[in-house]
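Biologist: I would like to learn how to read a model of this kind. Please take me through it feature by feature.

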Amino acid sequence: MMDEDAIAAVIKETFAELDIEVPTARDKGRIMKVLMPKVKGKADGKIVNQLLSGMFQ
């Protein structure tokens with residue numbers, strides 16, 4: 001299982017891939033669509049969601 005630091009790194013990588021500098025709640029669906037296949041089976045979806053939500057402006 002991935003730890004929170006590893007998940008945060010994947011989230012930031014996904015922001016860069018989607019060209020999102022300041023994520024907002026409106027971007028969440030688009031981010032999750034790309035992010036979840038990267039962490040599926042490696043990270044708890046609840047933790048991924050919490051970390052992602054904590055990064056929104």
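Biologist: Which residues does Gln 57 touch, not counting residues up to four places away in sequence?

Modeller: Contact means heavy atoms within 4.5 Å. By that rule Gln 57 touches Val 22 and Pro 23, with residues up to four places away in sequence not counted. Gln 57 itself is found in the segment after α3 (45-54).

Biologist: What should I know about the source of these values?

Modeller: This is a predicted model, in which local features need pLDDT of at least 70 and side-chain atom pairs count only at pLDDT 80 or more, while totals for chains, interfaces and linings use all residues. Residues are numbered from 1 along each chain as its sequence is written, and side-chain values use heavy atoms, with hydrogens and water left out.

Biologist: Is Gln 57 buried or exposed?

Modeller: Buried means under 20% relative accessible area, exposed over 50%, and partly exposed in between (1.4 Å probe, protein chains only). Gln 57 has 69% relative accessibility, so it counts as exposed. The C-alpha atoms of Gln 57 and Pro 37 are separated by 24 Å, the two residues being 20 apart along the chain.

Biologist: How many helices and strands are there in the protein chain?

Modeller: Helices (H or I, at least four residues) and strands (E, at least two) are DSSP runs, numbered from the N terminus. The protein chain has three helices and zero strands, in the pattern α-α-α along the sequence. Its radius of gyration is 10 Å, close to the 10 Å from the globule rule for 57 residues, so the chain is as compact as a globular protein of that length. That radius is taken over C-alpha atoms, and the globule rule is 2.2 Å times the number of residues to the power 0.38.

Biologist: What share of the residues is buried, and what share of the contacts joins residues 24 or more positions apart?

Modeller: Buried residues make up 30% of the 57 residues. Of the contacts with a separation of 6 or more, 62% are between residues 24 or more positions apart.

Biologist: How many salt bridges are there?

Modeller: A salt bridge is a side-chain nitrogen of Lys or Arg within 4 Å of a carboxyl oxygen of Asp or Glu. The count comes to two. One joins the side chains of Glu 13 and Lys 38 (3.5 Å, N to O). Glu 13 lies in helix α1 and Lys 38 in helix α2, so this pair ties together parts that are 25 residues apart in sequence. Glu 17 also forms a salt bridge with Lys 38, with the closest N and O atoms 2.6 Å apart. Shared partners join Glu 13, Glu 17 and Lys 38 into one network.

Biologist: How much relative accessible area does Lys 38 have?

Modeller: Lys 38 has 22% and is partly exposed. Glu 13, at 47% relative accessibility, also counts as partly exposed.

Biologist: Which side chain of opposite charge is nearest to Asp 27?

Modeller: For charge, Lys and Arg count as positive and Asp and Glu as negative; His and the chain ends are not counted. The nearest to Asp 27 is Arg 30, 4.3 Å away, and Asp 27 is buried yet has no salt bridge. Asp 27 lies in the loop between α1 (4-17) and α2 (28-39). Leaving aside neighbours within four places in sequence, Asp 27 is in contact with Ile 20 and Val 22.
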